[in-house]
Amino acid sequence: LGLSPPPASHSKDAMARGQQKSVTGMRSGKAGGRRPSFNPAGAGKTLVRQMMLLPIMYIGSTMDWTATATFYAEATLLGVLVLGSLAIQVSIFLAQRKKEVAKVFDVGDATLMLDAEQINADGSVAAHAYDTAKLKMLRMQLIIAGVVVWFAHVRMGYQVPLLAGSFGLVVQLWDCKGLRIHLLGAAEKRPWGTTAANPVLRWAEKQKVDESKALAKAAKGGAASGTGTGKSSKKGR
């Protein structure tokens, strides 16, 4: 047909541009899925807190556990549980009273504490619903941890978990951004502590989103049928 092939320099330039785009896409997470980001500051903070447990475990294993020492350790654990539960309940009350309507996407494990009516068709939820769900999860984790530590102490005769458990619960309460937002007035970004990478949680979130879409569709269809019935009755008259 008399068509000449493109110059070799043009093909090399195109190949180079394609390779550059593929590398850029891999770095930005567009090709082959987004790579999990590594946060050195968060990893260092976790390491420091784990190292802080070592002296607590050492003190607990070497101290003389008299009746008085055991009583104070039990009182400390119960105080952390009671005050933590009270702080969580107050934060839930404040979150429901403020009624922040900003949309939160990628809610992760908070889906387990949300109703289908609270999830929008695009998978987002209101900020107050997200905060309430995360605070309820923290309250459940607090109760479960307290029960486990108390069982290990009463039934098995261990005293060291009283100290380690109290320290761990305090750290867990301090890390909750929902408490910081509603009790301390801090400005924190939502979502936090997302576990959307978990396939089970992703499946649960998808089920809730599909259910919310079905409810919205049914409500829209009911409204349309009601409008149609009203128009037909008017025509009959």
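Reader: In which sense do α4 and α5 run relative to each other, roughly parallel or roughly antiparallel?

Author: Compare the angle between the two axes with a cut-off: over 145 degrees counts as roughly antiparallel. In this predicted model, the axes of α4 and α5 cross at roughly 175 degrees and come within 10 Å. The two helices are therefore roughly antiparallel.

Reader: Which residues of α4 and α5 meet?

Author: From α4 come Leu138, Gln141, Leu142, Ala145, Val149 and His153. On the α5 side are Pro161, Leu162, Gly165, Leu169, Gln172 and Leu173. Sorted by class, the contact of α4 with α5 holds eight nonpolar and four polar residues, with no charged ones.

Reader: At what angle do the axes of α3 and α5 cross?

Author: The α3 and α5 axes cross at roughly 20 degrees and come within 9 Å. That angle makes α3 roughly parallel to α5. As for handedness, α3 passes α5 in a left-handed crossing.

Reader: Which residues make the contact between α3 and α5?

Author: α3 supplies Ala73, Glu74, Thr76, Leu77, Val80, Leu81, Gly84 and Ile88. α5 supplies Leu162, Leu163, Gly165, Ser166, Leu169, Val170 and Leu173. In the contact of α3 with α5, 10 residues are nonpolar, four are polar and one is charged.

Reader: How many residues are in the largest nonpolar core, and which have the most contacts inside it?

Author: A core is read from buried nonpolar side chains that are joined to one another. The largest one here has 17 residues, and Ile88, Leu173 and Leu179 have the most contacts inside it. Two or more residues come from each of α3 (67-98), α4 (127-154) and α5 (160-175). With seven residues, α3 gives the largest share of this core.

Reader: What does isoleucine 88 touch?

Author: Setting aside residues up to four places away in sequence, Ile88 touches Leu135, Leu138, Arg139, Leu142, Leu173 and Leu179. Another core, of 12 residues, lies apart from the largest one and includes Val104, Leu114, Val125 and Tyr130.

Reader: Where is leucine 215, and is this residue buried or partly exposed?

Author: Leucine 215 sits in helix α7 (residues 199-236). Burial is read from relative accessible area, with buried meaning under 20% and exposed over 50%. Leucine 215 has 39%, so this residue is partly exposed. Beyond its neighbours within four places in sequence, leucine 215 is in contact with Ala116 and Glu117. Alanine 116 is 99 residues apart from leucine 215 along the chain, yet their C-alpha atoms are separated by 8.3 Å.

Notes: Residues are numbered from 1 along each chain as its sequence is written. This is a predicted model: local features need pLDDT of at least 70, side-chain atom pairs count only at pLDDT 80 or more; totals for chains, interfaces and linings use all residues. Side-chain values use heavy atoms; hydrogens and water are left out. A nonpolar core is a set of buried Ala, Val, Leu, Ile, Met, Phe, Trp, Tyr and Cys residues joined through side-chain atoms within 4.5 Å. Buried means under 20% relative accessible area, exposed over 50%, partly exposed in between (1.4 Å probe, protein chains only). Helices (H or I, at least four residues) and strands (E, at least two) are DSSP runs, numbered from the N terminus. Contact means heavy atoms within 4.5 Å. Axes are lines fitted to C-alpha atoms, for helices over the stretch in contact, and angles run from 0 to 180 degrees between N-to-C directions. Angles under 35 degrees count as roughly parallel, over 145 as roughly antiparallel, 65 to 115 as roughly perpendicular and the rest as oblique. A crossing is left-handed if the near helix is turned anticlockwise from the far one by less than a right angle, and right-handed if clockwise. Ala, Val, Leu, Ile, Met, Phe, Trp, Tyr, Cys and Pro count as nonpolar, Asp, Glu, Lys and Arg as charged, and the others, Gly among them, as polar.
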